[in-house]
Amino acid sequence: MSQIALSCDTPAQRRLKAVRLRGARALREAQALRYRVFSSEFDAQLKGADQGLDMDDYDRHCAHIGVRDLNTGALVATTRLLDHRAAQRLGRYYSEEEFALDGLDDLQGPVLEIGRTCVDPAYRNGGTIAVLWSELAEVLNEGGYRYLMGCASIPMRDGGIQARAVMQRLRDRYLCQANLRAEPKTPLPQLDVPDNLTAELPPLLKAYMRLGAKICGEPCWDPDFGVADVFILLKRDELCPRYARHFKAAV
């Protein structure tokens with residue numbers, strides 16, 4: 001069931017609705033939004049840039065969901081989902097391009113990979129991500145997935161200072177390698193930073209941690225996007241109680 005929420009963070013009240021993005025036209029909407037966000041914020045080198053799109057070979061194997069502003073019809077958030085059956089047909093998950101995932105085959109239960117998540121800058125608030133998470137919950141429930149995994153990015157425009165500071169914080173509170181170990185294929189360049197250096201978690205990474213996700217190792221350097229990617233794993237029965245009501249099968 002699609003979720004509808006009201007957002008009053010602007011003078012004109014917004015009506016946001018979660019949607020399943022089916023068909024070529026809807027996919028191009030998602031790819032166009034991804035291009036606008038990733039090219040402007042990360043200066044990413046994107047396949048499809050000549051068409052104003054972010055596209056790759058994984059898109060046609062994934063399910064795509066999003067959030068639409070009903071007042072304007074615009075797609076304002078999107079993510080894509082690759083399940084274990086599609087990954088088996090492909091021979092890999094997207095995350096395996098960046099990480100060697102030790103223990104992946106031993107996970108007990110179906111796995112869903114989330115990726116390419118982005119939100120229009122004008123809609124980055126709790127209401128938008130809550131609508132997106134609610135639709136994600138529906139997908140998880142329908143498929144009976146036990147694990148959600150994927151990558152979350154930390155900008156590297158400062159040479160890696162923020163990434164190092166964020167990782168210091170993540171290691172203390174969110175590191176768990178009991179279920180899976182993620183070894184980066186391209187580790188971050190060495191950089192000395194003070195132990196007391198602090199940095200805010202990027203919004204998406206913070207949202208994953210609030211759900212109850214853990215990181216499974218050190219980040220991978222992604223030169224095409226100019227980011228440090230952190231591998232995250234969320235086990236449904238360890239979901240944060242605050243969000244469990246959206247994920248009905250987890251409570």
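The model is predicted, so local features need pLDDT of at least 70, side-chain atom pairs count only at pLDDT 80 or more, and totals for chains, interfaces and linings use all residues. Residues are numbered from 1 along each chain as its sequence is written, and side-chain values use heavy atoms, with hydrogens and water left out.

Start inside. In soluble globular proteins, nonpolar side chains tend to be buried together. A nonpolar core here is a set of buried Ala, Val, Leu, Ile, Met, Phe, Trp, Tyr and Cys residues joined through side-chain atoms within 4.5 Å. Buried means under 20% relative accessible area, exposed means over 50%, and partly exposed lies in between (1.4 Å probe, protein chains only). The largest nonpolar core has 44 residues. W133, L136, L170, L205, Y208 and M209 have the most contacts inside it. Helix α3 (residues 126–143) supplies the largest share of this core, 7 residues. Helices (H or I, at least four residues) and strands (E, at least two) are DSSP runs, numbered from the N terminus.

Take L136 as one of the core residues with the most contacts. Setting aside residues up to four places away in sequence, L136 touches I65, L81, L112, I114 and L148; contact means heavy atoms within 4.5 Å. A second, separate core has 21 residues, among them Y58, L107, C151 and C220.

Next come the charged pairs. A salt bridge is a side-chain nitrogen of Lys or Arg within 4 Å of a carboxyl oxygen of Asp or Glu. The whole structure holds 17 of them. One joins R20 and E142, at 3.1 Å from N to O. R20 lies in strand β2 (residues 14–20) and E142 in helix α3, so this pair ties together parts that are 122 residues apart in sequence. R20 is partly exposed, at 24% relative accessible area. E142 is exposed, at 55%.

E29 and R68 form another salt bridge, with the closest N and O atoms 3.0 Å apart. E29 sits in helix α1 (residues 24–42) and R68 in strand β3 (residues 63–69), so the pair links parts that are 39 residues apart in sequence. E29 counts as partly exposed at 28%, while R68 is buried at 18%. A74 itself is placed in the loop between β3 and β4 (75–83).

The side chains of R181 and E183 meet in a salt bridge too, at 3.4 Å from N to O. Both ends are partly exposed: E183 at 39% and R181 at 35%.

Some bridges join into a network, which links R34, D54, D56, D59, R80 and R116. R116 is found in strand β6 (residues 111–119) and is buried, at 15% relative accessibility. Its phi is near 55°, a positive value in a residue other than glycine.

Now the empty space. Rolling a probe the size of a water molecule over the atoms shows where empty space is left. On a 1 Å grid over the protein atoms alone, a cavity is a set of points where a 1.4 Å probe fits but cannot get out, a pocket is an open set with protein on both sides within 12 Å along at least five of seven lines, and lining residues have an atom within 4 Å of a point. Grid points are joined across faces, edges and corners, and a volume is the space filled by probe spheres set on the points.

The largest pocket has a volume of about 1000 Å³. Its lining has 49 residues, and T117, V119, P203, L204 and L205 lie nearest its centre. L205 is also among the residues with the most contacts inside the largest core.

Of its 19 lining residues, Y94, E97, R116, D224 and F225 are the closest to its centre. The lining has 8 nonpolar, 2 polar and 9 charged residues.

The search finds 1 cavity of 30 Å³ or more. About 70 Å³ of space lies in the largest cavity. Strand β11 (residues 227–235) gives the most to its lining, with 3 residues.

Notes. Ala, Val, Leu, Ile, Met, Phe, Trp, Tyr, Cys and Pro count as nonpolar, Asp, Glu, Lys and Arg as charged, and the others, Gly among them, as polar.
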